Amino acid sequence: MVWALALAGCWIGGQAHERRLCDIGSPDCPETDADTDADADTDSDADADTDSDADTDADSDTDSDTDADTDSDADTDSDADTDSDADTDADTDSDADTDSDTDTDSDADTDSDADMDTDTDADTDSDTDTDTGVDPNDMDGDGYPTPADCDDLDSAIHPGAIEICSGVDEDCDGDVDENGTFAIDGVPGSGTLGGAVFNASAGMVFDICGTHVLQPTGLQAYVPMTLQGHPVGAGPATLTTGGSTVLAIQADVTARDLVITGGTSGGGVVVTLGHAMLERVTISGNAAPSGGGLYVADADATLVDCAFDANSATSMAPDDGGGHLYVSGNSMVDVTRTVFDSGISASQGGAAQIARLVAATAPPVVTFTDTTWRDNVASGAGGAVYVRGGAQVSFLGTALLQGNDATFGGGALQLANQGGLGEPDVDLGRAEIAGNTALEGGGVYCGRGNLVGGPGLSIHGNSSSGFGSAVRQVSGCTVLLAGSVADPIDVYANNASAGGGALSFGANATLSFADVHANTGGGGILAAGAATVNLSDVALYGNVSGQVGHAVRQHSGAVVLATSVSVSDHPTGTAWSLANFGPNAPSAILTSCTFDQNYVAVEVDAGNLESVTSTWTGNTVDVRATGDYSGYGVDASFTCDPSLCTPSP
């Protein structure tokens, strides 16, 4: 019997599991998976995916999303929020708070405190301090907001604050350092400035503002202190009395940035003990018998960048004077970069007098560095400076003495003896002495002592109605003026209307490395009396004398020793004249000198002239010897190397 079995759409035989002719789960094919549910997958749940959970997604968790975590949101972390960080808040940052900034607090700003401002302090205002003020316009917390508070970062500055002379507008009224105020060590002062200074303790610092009228006795500084001015707007701090001494110093006191004026009977500043340090101080319009501006006696003083103007010395006594400055006794004074302008003295020293008064004490020593002396007037002598009685004065650096006038001697400077108290010593250095006038010594009159000048000294444009338009020297004074090859002394364009020469030497004098030229009235050099005048490396040219001796005039026994002297460009008259005005015949020795382009190089009226290895070129007459002069019966003699010159009759 043969059984026939019909299987539609299926393979029969050993290849029956390799291929199906129907789709599993389709109506055409019966269910063929091994699980017990009605879907076509092989798991036992009712969904159509292949995992074993009951949801319809392909992951193995029980939620309905497609990510691998167990929560129902769409991100991949396991918390319930929708961001990808591990916290449970809804923001997108990685911190634990619920805001979107990166700090750890819950406010919206970027700092770490709990308030809503952007600073790091815990208060609610926007400044950086730790107060809890709520007014952002009063940042210094002084109770005055801007704009009324002109400096809202400093609680000491506000309307109603006390001005303390600090260079700051403390009370916000628009004025800096109000007039008539002062401070002591930074604390506002009370009472009067005069009383505060009188009762001061050592070392105090006074800040002074505006004008202080000090009555009746001015400021009296008896202990070390500092007095310093501050400007009121554009104006200076000013001390005035209207009578007595403005500032009396008897200790080590510093004064700076002040104007001192109105001491019309006691002067500006008087220093009688200790040391006064004056910096940038103007001393103006004061008067006293001596030292109208500054009086220093047996004390020390230092002045830097100061100015003296229109001060006067009122006494006519010969021991008084010094319109601006009087220094006496055992004093040491240093003055730097200071101007002395328009001082007046009724006696000596229109600007300054430096004097030794007592023989038992050391003389005063004064140094002037880079100073200017202008338009000062003395009714006696020393239009600018009068030095006497062993005092020692030096002009260093650049010194200008210009336009000063003395009725008698020394338009700019006079050296004088005083009652046997020693000989003054003055070093002119490289000063410029210009445009001064006097009866004798339009520039300098040296009556006693020692006068020294160095390389660069310039004396020009001075005038006198007597002798010595540049320098007048008389017996008792020694003159040493020595320049250098690179920086010679220059004496030019001076005028002596009486014919006394630019340089009038009446005692021992030395002039070396100098140019003497274009002087008028009395010519270049006058040598007279018992003088021995040494000239070396001196050029004399273009001088004019109203009498004889355009270059050098010699008489009354003076001896001239000239070495390497050049005499030139004196086209008329005589260049060198030896004229005997007294019983003693003058004499001269010329060594290695040159005479060129003169009308008469040398005229010998009396005395003796000897020429050694000198040269004579281009002169109309080299030497003229006239013999007898003015009835004195003194014959002239001349000795010259015949190979170098030929005397003319």
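Buried here means under 20% relative accessible area, exposed means over 50%, and partly exposed lies in between, with a 1.4 Å probe and protein chains only. The model is predicted, so local features need pLDDT of at least 70 and side-chain atom pairs count only at pLDDT 80 or more, while totals for chains, interfaces and linings use all residues. Residues are numbered from 1 along each chain as its sequence is written, and side-chain values use heavy atoms, with hydrogens and water left out. Helices (H or I, at least four residues) and strands (E, at least two) are DSSP runs numbered from the N terminus.

**Salt bridges**

Side chains of opposite charge can pair when their charged atoms come close. A salt bridge is a side-chain nitrogen of Lys or Arg within 4 Å of a carboxyl oxygen of Asp or Glu. The count by this rule is 8 salt bridges, and the table gives some of them.

| Pair | N to O distance |
|---|---|
| Arg280 and Asp257 | 2.7 Å |
| Glu423 and Arg448 | 2.8 Å |
| Arg430 and Asp487 | 2.9 Å |

In the salt bridge of Arg430 with Asp487, distant parts of the chain are linked: Arg430 sits in the loop between E30 and strand E31 (432–434), and Asp487 in the loop between strand E38 (477–482) and strand E39 (489–492), 57 residues apart. Asp487 is partly exposed because its relative accessible area is 26%, and Arg430 is partly exposed at 41%.

The salt bridge between Arg280 and Asp257 joins strand E11 (residues 275–284), which holds Arg280, to strand E9 (residues 253–261), which holds Asp257; the two residues are 23 residues apart. Arg280 is partly exposed at 40% relative accessibility, and Asp257 is partly exposed at 30%.

**Backbone features**

Two cis peptide bonds can be described. One joins Thr146 and Pro147, with omega about 5°, and Pro147 falls in the segment before strand E1 (182–184). Another runs from Gln215 to Pro216, with omega near -5°; Pro216 is in the loop between strand E4 (211–213) and strand E5 (219–221).

Arg337 is not a glycine, yet has a positive phi of about 45°. Its place is the loop between strand E18 (332–336) and strand E19 (339–341), and Arg337 is partly exposed at 45% relative accessibility. Asp375, also not a glycine, has a positive phi of about 60°. Asp375 lies in the loop between strand E23 (372–374) and strand E24 (377–378) and is partly exposed, with a relative accessible area of 41%.

**Ser347**

Is Ser347 buried or exposed? Ser347 is buried, because its relative accessible area is 3%. The residue is in the loop between strand E20 (344–345) and strand E21 (352–355). A polar atom of the Ser347 side chain lies 3.4 Å from the backbone oxygen of Ser315. Apart from neighbours within four places in sequence, the residues in contact with Ser347 (heavy atoms within 4.5 Å) include Met316, Asp320, Ala378 and Gly380.

**The second largest pocket**

The second largest pocket has a volume of about 150 Å³. Of its 13 lining residues, Thr192, Gly194, Gly195, Gln215 and Gly218 are the closest to its centre. Helix H1 (193–198) gives the most to the lining, with 4 residues. The lining divides into 5 nonpolar, 8 polar and no charged residues, with Gly counted as polar.

Technical notes:
A polar contact is a pair of N or O atoms within 3.5 Å; within protein, one must be able to donate a hydrogen and the other to accept it, and residues adjacent in sequence count only if both atoms are side-chain atoms. On a 1 Å grid over the protein atoms alone, a cavity is a set of points where a 1.4 Å probe fits but cannot get out, and a pocket is an open set with protein on both sides within 12 Å along at least five of seven lines; lining residues have an atom within 4 Å of a point. Grid points are joined across faces, edges and corners, and a volume is the space filled by probe spheres set on the points.
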